[in-house]
Amino acid sequence: MSLANLYLKNVSQIFVYYTEKGFLSKLHPLSKIVLIFTTIALTILCSKIELLLLTLVILVILASTSIDLKRITSLFLSLTMFVLPMIFFSLIYTSTNYRSLYKVMETSISIAVAMVRLLTMSIAFYIFFITTKPQSIARVLNKIGIPYKYSYGFIIALRFLSVISSDLLEIISIQKTRGLSIDRNFLDRVRGYIAVLVPLIISTLNRVDEITVSLEVKGFGLKDSRSYLNVEHFEFFDVLFIFFCITLASTALYFGI
Amino acid sequence: MRNLSEEANAYQNVCNHVVIVDDVWFKYEEEYVLKRISLKIEKRDIHIVMGPNGSGKSTLLKILAGILKPQKGRVYLCDRDIDVLARRDLTKYLGYVHQNPWFYIFNPTIYEEVAFTLRNLGIDENTISKNILEVATELDIVDLLDRSPFTLSEGEARRVVITSAVAHKPLLLLMDEPTAGLDYNLKKRFVDIIKKLNTVFGTAIIIATHDTDILTMIDNAKLVIINKGEIVYRGEVKDALNNPKIFTNNNLSAPVEVEIASRLGISWRELINFNGLLFEVAKLRGSLCR
């Protein structure tokens, strides 16, 4: 499998709910939303790399209670692959423009802080999406005041990401069996992208059309409110978890700002 | 430049076996989805690979098309290891038809769409137009060649994709669920196309499907049933049709004709002949009434 295919495969799995086991799956979605917000606040406001690293380690340990370590590693690898060219060019820019070891070191530390921030925020979102059923996300968003039309649309969009990226991989391999080559000159590359993007757009539009029809025939959006078969209950350990998140974030912020 | 038909004949004569699958194992994640798969496909063979959903049929086809690489075992295409074959040779030897025709189509006209593989193989324009006309005539899409592919129906789009896959006269045609979403008449038409490709161009064909309806239409083909990643039956289609338990034991339903015939206590061939007779009578009645 090529590097690009591996990257697409990993990215496609980021927003797909897969686990029903573990402590995080039993948490109320709102508790996980609190985790996201406290993590964002902490990573934006705190600039000490030690504290950021500690937060990252805590989140990875927390995630490993419900998510396979292999998946967490592949998320980190995908993000690193995405950021690596930017890191490379900013280091080259600093070293050629300033020609000072001190500046290069300073840039390297800033890059490391930014990288840890990125990984910390992404693992918080990852925990939320991978351990929460899409229907639960839609229900909770609806409960906190977002109209269900939009919350459902948001969930469909998330689910579509993985479908579209697997379609993309399929189309690339199909066009390759027809002799498509995108490794040659610029013109061939453009032609290659057209051969992949046009079928991708058409098949995506076909899917959208099918979903729209199936939603309309079921009367989706006829009324502003709706009922639900299942409801998420706020348990005692949710309160404990939120308390833990807020305490951790406040302590870290107290020492970190 | 060499004529494409000559080239096709030349490499068909060179190969001893079209495909040899030698003890192939494949896994996506932890568990193997294909285990101990061994197959031999000869020239002009039609193989139908059947199995319930998730049995590994499509994965096997992707391995044969060089899209996936098995963790264990080897695949030989025209006596050469598929791993060492150049992409151009793979394209030359293979035609791959996916179940979704819209994953192929991107050109403004159907002619351009069918010519895509031929141009990638570096064939000259005269040979391309000759080849396209020949294949399009056989598959009955000559009238469609100047049309935009985005105005096609599902059945027409499938025929265009098949034409595009065989325009370069491949040695082997791989078809993944080609009858999905087609009604009985379109399936029959599709089977006629398969038979034509096999007899006119000598193409070996592998069809992966869980649609047992087509079995009674191509009863001279060979059948391979895969269940839970392993080959559980290998033999002639007609032998399997005489023993419907082969299907039911492997989470597949036997063709409707076979089920009805076994309940009536007659052979499925008798039933099909009787059905054909009824059809002819109905046609005759229709023409007499007019």
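The model is a predicted one, in which local features need pLDDT of at least 70 and side-chain atom pairs count only at pLDDT 80 or more, while totals for chains, interfaces and linings use all residues. Residues are numbered from 1 along each chain as its sequence is written, and chains are lettered from A and ligands numbered from 1 in the order in which they are written.

The buried residues of α4(A) are Leu52(A), Thr55(A), Leu56(A), Leu59(A) and Ala63(A). Seen down the helix axis, these buried residues fall within an arc of 100°, so they line one face of α4(A); the arc is that of the directions from the axis to the C-beta atoms. The helix covers residues 49-64, and its 16 residues reach 22 Å from first C-alpha to last, close to the 22 Å expected at 1.5 Å a residue, where the expected span is 1.5 Å times one less than the number of residues. Helices (H or I, at least four residues) and strands (E, at least two) are DSSP runs, numbered from the N terminus.

Ile128(B), Asn131(B), Ile132(B), Val135(B) and Ala136(B) are the buried residues of α5(B), and because they fall within an arc of 125° seen down the axis, they line one face of the helix. On the other side of α5(B), Asn126(B) and Thr137(B) are exposed. After α5(B) comes Asp140(B), whose phi is positive, near 60°.

Chain B as a whole has 11 helices and 10 strands, and buried residues make up 44% of its 290 residues.

Where the chains meet, 16 residues of chain A are in contact with 18 residues of chain B, contact meaning that the C-beta atoms of two residues, placed from the backbone, lie within 7 Å. On the side of chain A that touches chain B, α8 (148-177) and α9 (186-217) each supply at least two residues, and α9(A) gives the most, with 7 residues.

Key:
A residue is buried if 20 or more other C-beta atoms lie within 10 Å of its own, exposed if 12 or fewer, and partly exposed in between; C-beta atoms are placed from the backbone.
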